[in-house]
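Biologist: Please show me the sequence and the model. I would like to ask about them one point at a time.

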Amino acid sequence: MNSEPVKSDLVLILDYGSQYTHLIARRIRSLNIFSLCISGTSPLDDITSHNPKVVILSGGPHSVYSANAPTFPSGFVEWAESNGCFVLGICYGLQLIVQRLGGEVRAGEKQEYGKMEIEIGMNLDLFGNKNVGDRQVVWMSHGDEVAWLPDEFEVVARSQQGAVAAMENRKKRFYGLQYHPEVTHSPEGMETLRHFLFDVCGICASWSTENVVDEELSLVKGTVGHEDHVICALSGGVDSTVAATLVHKAIGDRLHCVFVDNGLLRYRERERVMEAFERDLHLPVTCVDASEKFLSKLKGVVDPEMKRKIIGNLFITIFDAFAHDLEQKLGKKPAFLVQGTLYPDVIESCPPPGSGRTHSHTIKSHHCVGGLPKDMKLKLIEPLKLLFKDEVRQLGRMMNVPEGFLKRHPFPGPGLAIRVLGDVTEGNALDILRQVDEIFIQAIKDAGLYDTIWQAFAVFLPVRSVGVQGDQRTHSHVVALRAVTSQDGMTADWYYFEHKFLADVARKICNRVRGVNRVVQDITSKPPSTIEWE
C-alpha cells in the first residue's frame, strides 16, 4: 500500500471477541486513518510498541464480572494517561473501563438488543457537535449495564430505558459508548466516530486504500512464484469472481478455474453461470458435475454444522482430483487453491490462526473456513479474507469486473443445503425450493428492488400445514421468504415490502409450485438472527 502511516496517527483496536471488531477497523480506514487490530489481552509492551494515538476497546460476548473475562493488561491505564493516548470503549469495552477504574457493571434488568433511541444529556467531547436533548437511533447488543460510574466520569447519553449509553472522563481522555457506532444500523455512528477521531483526538487523515489492488497482486505473485499453477474455486458470485480476476491478473494462464455443480444450486444456476463466464468474464473455467456425490453424502443429515463440514470436505476432494487431472496435462501439479473467502466468513467460523482472537464465539462454520479438512493437499490463497463485501465490490470495479457479477446477491457456498432445513434429499424439497426461490427473486427484479436489497432467498421449512386448494384439503409444505438490507453482512435488517408485493408473490408460489400451500416472511434482524437460517 502507500508509505507506512505516521505512528502518531495510528488507531489501535484491542479485540475482545466482538463480531464487529474488524468492522471498526474498516470504518476507521474509510476515514483515511490507519487502524490495526490486536488481541485485547496482549501484553502492555505489545500495545505500547505501536505508539497509538487512540486505543479502542472492542465489544465482546463476555461479562466483565465473570471469572476469566478478558481484559487489558496491568499498567495500561497509567500508560495511556502519561502518553496522552485517547481510549474509547465500545459496548464490552465501555463496561471494561467502568469495572477496571472503580465503577460497577451488573446484569441488566432489561436487555438492550437491536435499534434503540438514546438521548444526549451533556454536549462535552463525544457529542460536542450535538445539542442537549437531541436523540438518535443506535444499535444495541448487550445484556449487562453500568450500575455506577467510576469517579470523574460523566454520563453524556442514556438509552430510552435509562441505561448509560455514553460516558466520558475528559481529564483522563477515557470515553465509552454502550452501543455500536461502527454498524450501519447506527445511522449517526460514523459521524460520532469522525467527530471523536478528528475533532477530539486530533487525528490526521494520512492513509489511503487506493493501492489495495497493487498490494494484493504483489502478495499473490510473491506467494505463487513464477512457475506454479493455481486452481480457483469459482461459483459465479461476487467473491470468487473478484478473487479469480485478481489472481488471473497476477499469474495469467497459470490460473485454472473450476465450477462445481454440487446439486445444491438455484434454478438453472449451472447453465446461467457458465454462459456468463464465457460471455463476460473470459476466464478459463471447467465445469465438474458432482451432484450425485454431494447428495449421497448428505442423505439423512439434518445438523447444519455437519452439512457444512461434509460439503467443505467434498469440495476439497473434488479440487484435489481436478489438480491431479491437470497434472497429467501440464506435467506439474497445481499447488494452490484460490477461494473467495471474506472476513465475515472467517469471523463467524473461527478465529484465524495467529490473530489472537481467542475470545470470539463460533457462530457457524462456513464451508470454505471451518468446514475445510485438516489434511488438505492444496495450499490456500484467500486474497479477500480481510475484506468485507462492499470493499470486494470496489476492488472488482477497479479491475473492470462486469457489474452483472458485482451486483449479484450473496449465495452461500453450501448452497441450498442450508436453505432446506433438515434432510435435503427427502422428497422433492430441493426442486420445490428452486421453484419458490425463482419466483421470489424474479418478482424482486421485476419490481426494480434487486439492487436495493442486500440478499433475498426462500427457505424450505421442515413442517406441513393444512390448506384448501381446488376445494380440497391439502397437507403441504411451508416456505419462508427472507430479504434483508445491509452494507457489509455483519448486521442486517429485514426489508419492508409493500403488502401488495407479498400478496402477489405468495399467490404465485401457491398457484405454481405443487406441494406448497403456505408462505411466511422472516422479519428478524441480524442480530439476533443470522441472515441464513442454518
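The questions below go from the sheets to the rings and then to one histidine.

Biologist: What kind of model is this, and how are residues numbered?

Modeller: This is a predicted model, in which local features need pLDDT of at least 70 and side-chain atom pairs count only at pLDDT 80 or more, while totals for chains, interfaces and linings use all residues. Side-chain values use heavy atoms, with hydrogens and water left out, and residues are numbered from 1 along each chain as its sequence is written.

Biologist: What is the strand order in the open sheet of nine strands?

Modeller: Strands (E, at least two residues) and helices (H or I, at least four) are DSSP runs numbered from the N terminus. Two strands pair if DSSP finds at least two bridges between them. The pairing in this open sheet of nine strands is mixed, and the order is S2-S1-S3-S4-S9-S8-S7-S5-S6.

Biologist: Which strands stand at the edges of that sheet?

Modeller: An edge strand here has a single partner strand, so one side of it is left without a neighbour in the sheet. The two at the edges are strand S2 (35-39) and strand S6 (135-148).

Biologist: Which helix packs on this sheet, touching S6 and S9?

Modeller: Contact means heavy atoms within 4.5 Å. Axes are lines fitted to C-alpha atoms, for helices over the stretch in contact, and angles run from 0 to 180 degrees between N-to-C directions. The helix makes about 170 degrees with the direction of S4, and besides S6 and S9 it touches strand S1 (11-15), strand S3 (54-57) and S4 (86-90). It is helix H5 (residues 189-200).

Biologist: Is strand S8 largely enclosed or left open?

Modeller: Buried means under 20% relative accessible area, exposed over 50%, and partly exposed in between (1.4 Å probe, protein chains only). Strand S8 (residues 164-169) is joined to strand S9 (residues 174-177) by four antiparallel bridges, and four bridges also join strand S7 (residues 154-159) to S8. Six of the six residues of S8 are buried, so this strand is largely enclosed.

Biologist: Which residue in the turn between S8 and S9 has a positive phi?

Modeller: S8 and S9 form a hairpin with four residues between them. Across the pair, Glu168 has Tyr175 as its bridge partner, and Asn169 stands opposite Phe174. In the turn, the positive phi is about 65 degrees and belongs to Arg173.

Biologist: How many residues apart in sequence are the parts tied together by Tyr16 and Tyr92?

Modeller: Rings of Phe, Tyr and Trp (its six-membered ring) pair if their centres lie within 6.5 Å; planes under 30 degrees apart count as stacked, over 60 as edge-to-face and the rest as tilted. Tyr16 and Tyr92 form a tilted pair, 5.6 Å centre to centre with 45 degrees between the planes, and both are buried. Tyr16 lies in the loop between S1 and helix H1 (21-29) and Tyr92 in helix H4 (residues 92-100), so the pair ties together parts whose separation in sequence is 76 residues.

Biologist: Which arginine lies over the face of Phe411?

Modeller: A charge sits over a ring if NZ of Lys or CZ of Arg is within 6 Å of the ring centre and within 35 degrees of the ring normal. Arg393 lies over the face of Trp454 at 5.6 Å from the ring centre. Over Phe411, at 3.9 Å from the ring centre, lies Arg266.

Biologist: Which residue's backbone oxygen lies 2.9 Å from a polar atom of the His409 side chain?

Modeller: His409 is in the loop between helix H13 (403-406) and helix H14 (429-446), and it is buried, with a relative accessible area of 6%. A polar contact is a pair of N or O atoms within 3.5 Å; within protein, one must be able to donate a hydrogen and the other to accept it, and residues adjacent in sequence count only if both atoms are side-chain atoms. The His409 side chain reaches the backbone nitrogen of Ala456 at 3.3 Å. The backbone oxygen at 2.9 Å belongs to Ile453.
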